[in-house]
Amino acid sequence: MAVASESSDKSHIQTEIAFRTIGLTKVYETEAGAVHALRGVDIELFKGETTVMLGPSGSGKSTFLNILGGLDRPTAGQVYFQDSELTNFDDAFLTQYRRRHVGFVFQFYNLIPSLTARENVELVTEISERPLSAAAALELVGMGHRVDHFPAELSGGEQQRVAVARAVAKRPDVLLCDEPTGALDSKTGVSVLEAIEQVNRELGTTTVLITHNAGIAAMADRVVSFADGRIADVQINKQKIPAGTLKW
Amino acid sequence: MVNRLKSLNRKLVRDLWHIRGQVLAIAFVIGCGVATVVLSLGTLNSLQETRDAYYERYHFADIFAHMKRAPRSLLGDLSKISGVRRVEGRIVHGVIIDIDGMVEPARAQAVSLPQTTVSNLNGIVIRVGRLPVSGSTDEIVVHEAFAEAHNFTPGDAFWANMNGRRRMLRIVGIALSPEHIYVLGPGDLVPDNRRFGIFWMNHSALEAIYDLKGGFNDVSLTLSRDGRVQEVIAEVDRLIDPYGGIGAIGREDQLSYAFLKSEMDQQETMAKVFPPIFLAVAAFLLNLVIARLVETERQQIGLLKAFGYSDFEVGAHYFKFVAVITAIGIIIGWAGGAWLGRGMTEMYAELFRFPFLYYLIEPKVFIYGAVVSIFAASLGTFTAVRRIVKLAPAVAMVPPPPTTYKVNALERTGFGRTMSQPARMIVRHIIRWPMRSALTVIGISFSGALLVVTLFFLNALDEMTEIFYFDRERQDIVITLTDIHSDTAVKEATYLPSVMRAEGMRHVPVRLTSGTRSERTVIAGIDPENNLSRLLDINHKKIDVPEQGLMVSDKLADMLGATLGDMVRIDVLEGRRPIVTVPITKISRQYVGIGAYMTRSALNKLLKEGPVISSIYLQVDSAREAELFTALKKVPALVGLMIKRVSLESFYTTVREYMDTMIIVYIGFASVIAIGVIYNAARISLSERGRELASLRVLGFTRQEVAFILAGELAVLTWLALPLSGFFGYHLGSLMVDMFDTELFRLPFIIYPSTYGYAALVVLVAAAGSAWVVVRRVSNLDLVAVLKTRE
């Protein structure tokens with residue numbers, strides 16, 4: 001699997017596909033019957049772009065993100081990451097895929113409580129091939145001044161920014177964020193989005209961000225709306241708004 | 001009220017089912033504690049009850065005395081001693097017997113049956129057949145153990161060498177006696193029922209054989225309520241003195257009684273030492289589990305209280321949780337203890353010969369086992385349950401504050417900087433809960449210690465056997481003569497077939513007194529050039545018998561409260577009964593029995609006798625042993641014969657069989673502790689860190705890398721526990737040495753390095769196994785859920 005080259009040439013990026021899904025379907029078998037989380041999703045996501053996924057609870061956006069991140073497998077259909085079909089991979093390979101190419105940001109930060117901010121980042125840099133230094137990653141998200149603090153000593157916004165630093169320190173090809181501002185107030189949320197934006201700008205990381213919050217869509221290159229397991233709408237933002245000016 | 005409790009009970013059942021692995025692991029640890037209580041106290045109780053009933057029903061005597069020959073009139077004098085209730089004279093004599101199919105001669109003790117039919121002292125219990133008919137001279141009743149070893153039934157017969165004449169003895173009955181519950185031949189360490197037995201025959205027949213017409217050579221006495229053992233013994237000694245009495249003994253010195261008592265003391269020791277170990281571990285594990293449960297169910301507890309459940313009801317709910325686990329443990333313990341007890345009793349039935357051995361554990365033993373484990377469980381979970389009761393609903397509903405960590409001292413060192421982040425996580429998690437980590441380490445180390453102390457017994461026995469049979473007793477055969485003989489007999493013995501070397505010894509029963517303490521023993525008179533039975537110093541090296549004064553064994557010195565240079569009074573209990581005072585000039589190390597030694601010439605001089613001996617030690621050519629046995633069967637002056645090889649073999653078969661069983665049981669016990677502690681520690685760690693570990697998986701850590709964090713913590717704790725196992729094992733072993741220090745034998749305190757190795761190996765295997773079961777679950781971590789759930 002090739003590692004994407006860094007580039008800040010957006011016009012070039014738009015032509016290179018990061019993810020492509022064909023007829024992606026996910027059915028959960030429950031006692032109450034089959035639940036269709038995804039009903040045939042076909043989409044292409046492009047390198048270096050920021051994509052925001054909107055949609056109500058249960059619309060399938062999280063399932064979609066999990067499949068992109070190699071955490072879940074579709075019931076039917078294919079997912080291509082660059083030229084490789086993720087759906088063909090076994091668990092060990094998916095682990096390597098996540099390790100080399102994917103950065104995750106969780107709604108509840110999921111920092112390791114026993115490690116300081118710097119160590120949380122180092123946790124990932126230690127197993128990466130060409131990482132940023134932990135200090136640089138933390139600097140990138142504006143956390144350069146609190147590197148030796150434990151998660152319990154940081155606010156929610158600070159924790160999430162450390163989480164972003166941790167996710168991007170390995171220079172992932174893709175950054176997947178599941179409701180990164182869901183647990184934060186609007187001001188802190190904005191600071192986290194700014195960090196994500198900065199990473200996208202400086203490292204050219206393909207970013208996929210799930211949110212309930214339609215206000216965030218304005219910072220995206222592309223906005224994908226999910227409804228009932230399908231893509232209801234795809235919009236391309238001609239004019240992106242800087243994250244710092246977002247309000248909700 | 002009833003309905004809400006119903007739903008709480010349903011929750012209880014489901015919660016218990018949810019952590020069934022942990023429930024079972026803890027229940028087994030409790031079970032082991034209860035089982036050891038039931039086993040030890042149950043066996044002790046059974047032995048005690050059986051023994052007491054047996055002694056009472058068959059009139060086991062209180063005092064025993066042996067002499068050369070005494071007239072029947074002496075019995076009247078003895079019965080007049082104040083405090084004496086009944087007196088019975090009899091004839092007891094050592095006999096060499098020749099059994100078809102046995103190359104070597106066997107030994108036996110012939111005991112006369114009373115002439116009256118009224119219930120007599122040390123009454124025998126006929127198991128099969130009958131008593132000899134009145135007037136018969138060749139009918140005998142044999143002890144059941146001896147009969148079983150030879151498959152004897154009434155009608156069988158064997159040859160005996162009695163007072164220089166070979167006689168055919170016919171078995172008419174098989175019996176047991178309270179005097180011979182533990183049948184041990186002279187010089188043996190364990191019973192050898194093939195080569196030593198007891199038989200009874202008519203008094204008149206033995207009178208005739210041993211020229212004791214109208215007389216006897218052995219007396220048994222019982223005391224009335226106000227009879228004092230020591231006073232009566234002194235009076236008996238005075239009266240039997242003119243008749244060659246060799247000093248009366250009380251029950252404490254009666255071999256069968258002493259061995260049975262020693263075994264019972266050991267059971268009592270076990271009941272004191274082992275259950276607390278298990279119950280302490282169980283208390284800790286329960287605390288661990290309940291504390292974790294409170295942590296995970298914090299919001300539920302708040303909710304229940306908010307719904308209107310009282311503090312008491314909520315507390316009681318969690319207490320029930322503990323109660324159910326404890327109850328399962330108690331049931332396992334009762335069943336396991338009863339089962340092991342049955343096995344133990346069967347083993348005892350081989351060793352101790354009772355006409356009835358009811359294995360009846362009294363209800364109080366079961367209740368005691370249950371009560372102590374309930375106490376331990378309550379103690380272990382008291383603080384956790386109290387925390388539940390005290391938790392205010394509003395506080396409980398808010399998620400607990402995040403765990404705070406600190407950089408620890410270890411990491412500030414150079415070593416700390418080289419640590420990977422996962423290693424850091426392991427170290428910080430251990431240090432964050434120092435008490436829990438310490439108790440886990442201690443818990444695991446108990447398991448190792450239990451193994452060290454169990455295997456220590458093997459080491460000690462090996463060492464004891466090595467010292468006793470090879471360093472000390474280097475002869476092949478010891479023959480005991482009927483009476484003293486001129487030491488020219490030693491030279492004659494060298495003419496016997498296969499004999500390569502012969503050495504004479506003089507043994508004489510004495511009472512040694514130092515200050516207010518007094519002990520009965522035997523002085524062995526040894527020639528300085530003797531080499532077949534050696535005396536050893538504290539380092540197990542040969543030491544010579546002192547030219548002057550008396551050498552005593554270390555235990556005897558201890559019992560007398562005497563040391564080098566102290567004067568001891570020797571009251572010889574035989575012959576002219578001289579009394580002398582001599583200094584202790586040497587002390588020898590001796591693990592079996594007690595003893596005193598001087599040169600044979602000095603002993604002969606003390607006894608005012610010529611150069612005489614009472615036993616001969618032989619070194620023989622084992623290839624021609626059979627010829628020697630054939631010859632010995634015909635030697636008239638023989639009363640005893642000890643063949644070392646045979647004695648050693650029977651020691652190994654008996655003791656090893658017993659030890660092997662014990663070792664399997666204790667390896668099981670130790671594994672239960674190790675598994676219980678490690679499995680629970682691992683499960684709780686997984687439960688606490690599941691989210692953390694799943695996050696790492698999402699971040700691209702492999703299963704192995706994540707498993708490393710979980711298993712690494714357990715590995716660190718287990719490794720820390722290993723040296724501690726050795727430390728606890730060493731001290732527990734030393735405690736055992738003190739507890740097993742009796743007049744009969746002592747254990748050398750030696751723990752082979754391999755013992756620590758084996759103990760560590762078992763702990764590591766148990767640890768690895770139980771950790772594996774948990775670490776496997778890393779594969780099942782829900783990676784998707786972790787993205788959505790809050791801690």
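In chain B, strand β12 (residues 477-486) runs antiparallel to β22(B), and five bridges join the two. This pairing belongs to a predicted model. Within the pair, Val478(B) stands opposite Met642(B) of β22(B). Strand β22(B) spans residues 638-643 and is mostly covered, with six of its six residues buried.

Helix α22 of chain B covers residues 753-775. Its 23 residues reach 32 Å from the first C-alpha to the last, close to the 33 Å expected at 1.5 Å a residue. The buried residues of α22(B) include Thr755(B), Tyr756(B), Ala759(B), Ala760(B), Val762(B) and Val763(B). Further along, Ala766(B), Ala767(B), Ser770(B), Ala771(B), Val774(B) and Val775(B) are also among the buried residues of this helix. An α-helix has 3.6 residues a turn, so residues three or four places apart point the same way. Against which helices do the buried residues of α22(B) pack? Their partners are α15 (434-472), α20 (644-698) and α21 (703-739), which belong to chain B.

| Element | Residues | Buried residues |
|---|---|---|
| β22(B) | 638-643 | six of six |
| α2(A) | 61-68 | eight of eight |

The buried residues of α2(A) are Lys61(A), Ser62(A), Thr63(A), Phe64(A), Leu65(A), Asn66(A), Ile67(A) and Leu68(A). Following α2(A) is Gly70(A), which has a positive phi near 75°.

The two chains also meet: 25 residues of chain A are in contact with 26 residues of chain B. On the chain A side, α3 (91-101) and α4 (117-125) each supply at least two residues. Helix α4(A) gives the most to this side, with four residues. By class, the side of chain A that touches chain B has 13 nonpolar, five polar and seven charged residues.

Chain B is itself divided into domain 1 (1-63 + 228-241 + 252-400), domain 2 (64-227 + 242-251), domain 3 (411-472 + 645-791) and domain 4 (499-620). The C-alpha centres of domain 2 and domain 4 of chain B lie 29 Å apart. Their contact takes five residues from domain 2 of chain B and six residues from domain 4 of chain B. What classes of residue does domain 2 of chain B have on the side that touches domain 4 of chain B? That side has three nonpolar, two polar and no charged residues.

Notes: Residues are numbered from 1 along each chain as its sequence is written. Chains are lettered from A and ligands numbered from 1 in the order in which they are written. This is a predicted model: local features need pLDDT of at least 70, side-chain atom pairs count only at pLDDT 80 or more; totals for chains, interfaces and linings use all residues. The expected span of a helix is 1.5 Å times one less than its number of residues. A residue is buried if 20 or more other C-beta atoms lie within 10 Å of its own, exposed if 12 or fewer, and partly exposed in between; C-beta atoms are placed from the backbone. Two residues are in contact if their C-beta atoms, placed from the backbone, lie within 7 Å. Two strands pair if DSSP finds at least two bridges between them. Ala, Val, Leu, Ile, Met, Phe, Trp, Tyr, Cys and Pro count as nonpolar, Asp, Glu, Lys and Arg as charged, and the others, Gly among them, as polar. Domain bounds come from an automatic or database domain assignment.
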